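Here are a few friendly notes to read alongside the model. Keep the structure open and look up each residue as you go.

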Amino acid sequence: TDRFRGDLNGVLATAPGAVAPAFSVASLEDPKQAYSLADFKGKYLLIDFWATWCGPCRREMPHLHQAWERFKGKNFEILSLSFDRKADDVAPFRRKPGTPMPWKHAFVEGGFESPLGKAYGVNGIPKPVLVGPDGKVLASGEQLRGENLEKALEKYLK
């Protein structure tokens, strides 16, 4: 029942129209810099919960890169939040050809068990969440995976 309650809270936390839970995470590139939800006010933000060890996450990479190329500079940001075992796992992955991930990155200590993971109801990854300029969730999960990602972004960023 606790697990069910957690699942339900996660669904509700990222349901369209919900106010996205506030957070603050240190940048992977510059630990002195933090990203918070408030920093992205007025922009469309794709929060991408992922990990280098996650096969489905790696399969989403071409779609994320395509969306980034197409929509960057159009009031659109991506923040990838790594659920890897350690922050150092991310940089080598990003050095590989095809996965430079040239957007913002942070590491979530504790992954699924972290307060941030719980606030967003992350029970599995990848879990993409699109937050609108007003801080409300526009779409999440399957609506933002594969081909659906660009379709959803087109709808909001046209």
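1. A salt bridge here is a side-chain nitrogen of Lys or Arg within 4 Å of a carboxyl oxygen of Asp or Glu. By this rule the count comes to ten salt bridges. The model is predicted, with local features needing pLDDT of at least 70 and side-chain atom pairs pLDDT 80 or more, while totals for chains, interfaces and linings use all residues. Residues are numbered from 1 along each chain as its sequence is written, and side-chain values use heavy atoms, leaving out hydrogens and water.

2. Start with Arg-145, which forms a salt bridge with Glu-60; their closest N and O atoms are 3.3 Å apart. Arg-145 lies in the loop between S7 and H5 and Glu-60 in helix H2, so the pair ties together parts 85 residues apart in sequence. (Helices, H or I of at least four residues, and strands, E of at least two, are DSSP runs numbered from the N terminus.)

3. Next, find Glu-150 and Arg-70, a salt bridge whose closest N and O atoms are 2.7 Å apart. Glu-150 sits in helix H5 and Arg-70 in helix H2, so this pair links parts 80 residues apart in sequence. Glu-150 counts as buried at 17% relative accessibility, whereas Arg-70 is partly exposed at 35%. (Buried means under 20% relative accessible area, exposed over 50%, partly exposed in between, with a 1.4 Å probe and protein chains only.)
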